Amino acid sequence: MVLDQIENMKKSVLLVLVIVFFGCKNVKKERNGRLNIVTTTTMITDLVKNIGGEQVQVQGLMGSGVDPHLYKASEGDVSKLFNADVVFYNGLHLEGKLEEVFEKMEHQQIKTIAVGSVLDKKTLMSSENFASSFDPHIWFDINNWKQITRFVTEQLVQIDPDNKLVYETNSTAYLSELSELETKIKTTIASLPKDKRILVTAHDAFNYFGKAYGFEVVGLQGLSTATEAGVQDVQKIAKYIITHKVKAIFVESSVPKRTIEALQAAVNSKNHEVTIGGTLYSDALGDAGTVEGTYLGMFIYNVTTIVNALK
């Protein structure tokens, strides 16, 4: 009870700070003429940097290994949001604990853009167990990411028309890289027999990937990491792994590995060997400055890791 009261007090203080900060906010650029942009997830940060190039200053709230489902805004985050010309976030309730902050920002007429809003709801994967009723892990279908690339480009051009040519040129180049990426991963996946394309991970982040590239996807925790997997969940999936003779299961970089280790132990206790095939990047990219720290590099790494472990 006391902890709940403290948590509610923290929330109230944060929302008051939002109102105070945003009450007299004026849209402005950095002194060097660059747009000051705040992003939430690492995937969006990487995308905006690719499109904006030298014309933007991008500050990402979340870093490598950070779980957006559980992320809470700090006072420092509010300060970054206050100083931003525009905020890009995923939407579809991925950043669940930031929703109240975004709502307050909208009431104060601060430009916040949910990149997921551009996608046709008919193409989104539904989920009765998630707040938005849709699976928010939209970046795992490259066609979704192409649409979002075009959408972010259009938004930047509207906000900063003086640099339209830069944004559109960068966007065209990045879309070409996304097409090359899709060709590469389809070639890699083609080397894996269809009956071995079963992907078991810590939580249900890969459903768009499975639908787009022909994998059966099984997540231990469901769409959100806010709910822990129970003993029955572990036993149910252990039985599935044995029945389908799955060779490997996967840890996720932004989710504690203890649940996957428990699943492995449950399978092994029934005289069926299953290995941990590696760590996949799901809700966050790898460390900044590494190949896996980019969307393109993350995708190639994930697919290579999956295919090699399941062969």
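Phe102 is buried, with a relative accessible area of 2%. This comes from a predicted model. Tyr89 is buried too, at a relative accessible area of 7%.

By the ring-pair rule, the count comes to 12 aromatic pairs. Tyr89 and Phe102 form one with ring centres 4.0 Å apart and planes at 20°. Planes under 30 degrees apart count as stacked, so this pair is stacked. Tyr89 lies in strand E3 (residues 86–89) and Phe102 in helix H4, so the pair ties together parts that are 13 residues apart in sequence.

## A tilted pair across the chain

The rings of Phe209 and Phe299 have their centres 6.2 Å apart. Their planes stand at 45°, so this pair is tilted. Phe209 sits in helix H7 (residues 207–213) and Phe299 in helix H10 (residues 295–310). The two are 90 residues apart, and the pair links distant parts of the chain. Both Phe209 and Phe299 are buried.

Phe209 and Phe299 also belong to a cluster linked by ring pairs.

## Lys111 in its loop

Lys111 is found in the loop between helix H4 (99–107) and strand E4 (112–114). Is Lys111 buried or partly exposed? Its relative accessible area is 35%, so Lys111 is partly exposed.

Leaving aside residues up to four places away in sequence, Lys111 touches Asp85, Val86, Val87, Gln155 and Ile159. Val87 is 24 residues from Lys111 in sequence, yet their C-alpha atoms are 6.4 Å apart in space.

Key: Residues are numbered from 1 along each chain as its sequence is written. This is a predicted model: local features need pLDDT of at least 70, side-chain atom pairs count only at pLDDT 80 or more; totals for chains, interfaces and linings use all residues. Side-chain values use heavy atoms; hydrogens and water are left out. Helices (H or I, at least four residues) and strands (E, at least two) are DSSP runs, numbered from the N terminus. Buried means under 20% relative accessible area, exposed over 50%, partly exposed in between (1.4 Å probe, protein chains only). Contact means heavy atoms within 4.5 Å. Rings of Phe, Tyr and Trp (its six-membered ring) pair if their centres lie within 6.5 Å; planes under 30 degrees apart count as stacked, over 60 as edge-to-face and the rest as tilted.
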